[in-house]
Structure formats: structure tokens, C-alpha cells
Amino acid sequence: RVMVPPIVFEAALNIDKRSFSKMSIPIMIFAVWGTFMSTICTAAITYYGTRAVSWCVNMPFIESLAFGALISSIDPIAVLSVLSNMGMSDKDPIYVLIFGESLLNDGVAIVLFQTLVHFMDEKIVIDGEACWLATLHFLVIAFGSVVVGLTCAVGATIYFWCMKGIQTPLVEVLMFLCWAFIPYYICDGIDWSGIVAIVAAGYFMDIYVIGNRLEQEPKTDLNGVALAAEKNVVSSRKRLGVFSQEGFLSAKAKNHIGFVTEINSTLMETAIFAYLGIFLLNRRYHWNVVLPAIAVAACILSRSITVVFSSTLSNILTRMMRSAGTRKLRNVCGGILGSGSNPNASTGNDTGVVVDGRMQIVLIFAGLRGAMSFALVETVPMYDASTGEGSRYKPELKAMTSACISFTVFVLGGYTYYLLEKLGLGPMGKDEESLEMVSLINVESDEEPWGGGLHHRVTAVSLDGNESNAEDDSIVKFY
């Protein structure tokens, strides 16, 4: 309740919204459909795998499903740090896909896990009616938490709109964080998902409260002294609407919010992993060789199956939307542009991204488990003989979760850098000479009015001082 919210809120706040919208199809498929599929596959492998070995503890079906749900939560911190070190950013498709999947995947996995925990009761009989009630409970929690998060985010937007230019940057940052965590504790108090609520609130507040981070520089006089802006506060508030996406924070507050949230997220993540390391060999963990091995195998196999099937479904929908966008564009613009138009211009290729084989391999290795999975397994209730509620297998579940976290972080996460290099997804090596040549390129663009498109003339300067010109699609060679 203390460590998890800052981690999720920081991710929801810092994800690139335009790239997220562009890749919404694969992200939603991996986060929703992929999480359900991963939960079922992990539960099936765990359930039948423990029964196939005679000297292993037989994991019940409900505990297997709960383990599948909590271990389906993806923690991409290590992979994203590797991608950042290799020159990738939140504009690259693979980076956005991993980041977006982990953001929404956490919410889906947590709601599913909380639904399954209610079935850890000896008095409950699992039948058709129980499954229907569980589905209804899942939908109520999911949509209700989103509504709570959006409602609090709207209230925060109205508050900062009314207080624009009145508060100091320090108070703005503090109030921003207070508004951010209100939906989490509201949902936590009514047994809904605070994670889903804080994700919805963070996404909304980044767009409407923070707004455009690139704010104009303040006006100065001839001596360079900043002019007072208090007189224009009321008029600017009247000029800007409540949901204008321009933001209502000062430039200093905007610059510090990202840093503060990242610090809080890193501290909580470090505390969770420190707790995991300290109590890894504690007696409360029932360690043996077979059960953690089955858990790791289930984790890897379910991730591989999920990535392949989710990628196939995502590619089918993406190609369908691209085809529909291309036909619509041709019907609207065909008569205006005529036969001389460029068929490759804006043909709907901006709709989604096709997940190819190389990206699928990276996604399999990017399925790291971390702080969220460990935090969830700690919330599994211990068995109470008087009420019949809880699980008798919490020590085994903690051992299985710890084994999966250790294997994915150290083995899969450690190999990701070399995997990206072998797949050719890393940045291309450039020596100093090629970098100098790139800086000497002079590109001139001449646009022809009738069907010629954009005409380029490139002048390249070679090492011996000679110039060479190239036009259109010809190749420019550097000497």
C-alpha cells in the first residue's frame, strides 16, 4: 500500500502519449488478452506439472491461478534501462510496446489476482454461478477503479486551473502528488484496484495538468530581468479552458515533477528488491528444487506462447486497419490528386506497428518479473482454520515467485543487451569520420506544385574538398 503506488504512477506519468496512442492495438492486446492467456497457461503448467512429479507438492487449482495472475505482471525496468543505454527512447516502437504493456498489464494482473484471492475459501464451491460472479466482480473492479481515477484527475485539473499562478512551485508539486494518490487510497478503502485508478489518474493528469512541458520562456526587459506575470494570471486562466491541454503548472514545477516521481519510484523499487534479498533464504520460504523449476518453466513457456499468439492477433488487426485506412484515403483523395499523386503518402501506415519475429524474441526476454509480483504474493492471506479462508501454500508461492524473479532478472535481463546486438536492433556503429561527413551535408528542398512531390538536392563534401550533387532518390557516397 505504500511502495507500489509511486512505481505505477511514475510509469503512467512518463510514458509518451503520442507513441502510446499510435501503438494502442498491440499494447492493448498484450496487456489484456496476453495477461489472461499468460495466467491460464502458467496455471495449467503449474497445476499439472506439480502432479506429474510424485515427490513435489501438489499445487491446488486456485493457488495455481493466483500464481499465474501475480507472475503475469511484467516489470521492464532492467530491459528499458538496457534499451536506453543502447540509444533507444520512448519514440522507438519496441521501447513503447514494452513500456505500455507493463503499464496496463500491472492493472489487469492485479485486478485478476484480487478476484482469484476471494476464491481462497473452503466454503466456496466453484461452479458456473461462481465463475459468473467472479467475472462480474472483475468488471466492476476494473471499470469502477477507472472511473474513480478519472474523477479524481478531473478534480485535480479544475483545482490547478483555479489556482494557476497563485501557488509556489513547491506547493504545486506537493499538491500534485497529493491529488495523484487520492484515487489509490479511495479504491483501496472499498476493496477496488488502486493501481488501475492511479494509472488512469496519472495518464489524465499528465495531459491536462502538466500539459505541454515545453513552456515558453518568460518575457524580460532590456536588462534581462524577468517581467512580472501576476497581472496576466486571471486573463490567461480565462483565455485557457479547463481541458485545453496547455497545463496549469509553472515551468519550475513541471521540470521537478518528473524528477521527484522518478526518485520516489526508484526508492520504492529498491526497497522491495532489498526486502526480497534479505528474506530470500528465510525459513518462511519452502524451498526445494522441483517446485521453483516448474514455476520458472511455466513462467518462460507461458510468456513465449503469449507473445506468439498476441503478436499474430495484433498483426492481423493492424493490417486490417491499415488496409481500411488506405481504401478510405484513396476514395477521398483519389479524384483530387489524380493519377500523378504519390501512392505512398499517408496510406495508413501510421496505424499501429507490425510485431515481427525479432521484436517477438525481444518481448519474450523482456518479460521480467519484479517488484509488483513480489508485492502481490505478500498479500496472499494465510490460512485461517476458524474461517477456512486463506491459502495453506503461501510459503511455496513465495518461493516460486522469488525463483521466477531471480531467473528473469539475472538471466533474461542480463542477456538482453547481447540479444539486441545479435538481432541488429542496437544502434549502428559510427566512426568519427562518418560523423564529420554527416555534419557537412547540406539538404535543399524544392517542392514542385504538380505531382512531383518533395524534391531533394543533397550536396556532399568529400575529404579532398570536391563537391558532388545528388537529386531525388540517387545515392550519395561519402569518401
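This is a predicted model: local features need pLDDT of at least 70, side-chain atom pairs count only at pLDDT 80 or more; totals for chains, interfaces and linings use all residues.

Visitor: What does E378 pair with in a salt bridge?

Guide: With K398; the N to O distance is 3.3 Å. E378 sits in helix α14 (residues 371-378) and K398 in helix α15 (residues 394-423), so the bridge ties together parts 20 residues apart in sequence.

Visitor: And K398, buried or exposed?

Guide: Buried, because its relative accessibility is 4%.

Visitor: How many salt bridges are there?

Guide: Three. One of them joins D206 and K17, with the closest N and O atoms 2.5 Å apart. That pair links distant parts of the chain: D206 is in helix α9, K17 is in helix α2 (residues 17-22), and 189 residues separate them. Both D206 and K17 are buried.

Visitor: Which residues make another one?

Guide: R303 and E101, at 2.8 Å between the closest N and O atoms. R303 belongs to helix α12 and E101 to helix α6 (residues 93-117), so this bridge connects parts 202 residues apart in sequence. R303 and E101 are both buried.

Visitor: Back to K17. Which ring does its charged end sit over?

Guide: The ring of Y203, 5.1 Å from the centre. There is also R392, which lies over the face of Y383 at 3.9 Å from the ring centre.

Visitor: Switching to ring pairs. How many aromatic pairs?

Guide: The whole structure has 14. Among them is F160 with F176, a tilted pair at 6.3 Å centre to centre and 55 degrees between the planes. F160 is in helix α7 (residues 128-162) and F176 in helix α8 (residues 169-189), 16 residues apart.

Visitor: Why does F160 count as buried?

Guide: Because its relative accessibility is 1%. F176 is at 0%, so F176 counts as buried too.

Visitor: Which cluster are they in?

Guide: One aromatic cluster formed by F9, Y159, F160, F176, W179 and F181.

Visitor: Now the surface. What makes the nonpolar patch?

Guide: W33, I305, V308, F309, L313, I316, L317 and M320, covering about 710 Å².

Visitor: Which helix gives the most to it?

Guide: Helix α12 (residues 290-337), with seven residues. L317 lies in that helix. At 34% relative accessibility, L317 counts as partly exposed.

Note on methods. Residues are numbered from 1 along each chain as its sequence is written. Side-chain values use heavy atoms; hydrogens and water are left out. Rings of Phe, Tyr and Trp (its six-membered ring) pair if their centres lie within 6.5 Å; planes under 30 degrees apart count as stacked, over 60 as edge-to-face and the rest as tilted. Helices (H or I, at least four residues) and strands (E, at least two) are DSSP runs, numbered from the N terminus. Buried means under 20% relative accessible area, exposed over 50%, partly exposed in between (1.4 Å probe, protein chains only). A charge sits over a ring if NZ of Lys or CZ of Arg is within 6 Å of the ring centre and within 35 degrees of the ring normal. Patches are made of residues with over 30% relative accessible area and no salt bridge: like charges are joined within 9 Å, nonpolar side chains (Val, Leu, Ile, Met, Phe, Trp, Tyr) within 5 Å. Accessible areas come from the Shrake-Rupley method with a 1.4 Å probe; for residues, only the protein chains shown count as cover. A salt bridge is a side-chain nitrogen of Lys or Arg within 4 Å of a carboxyl oxygen of Asp or Glu.
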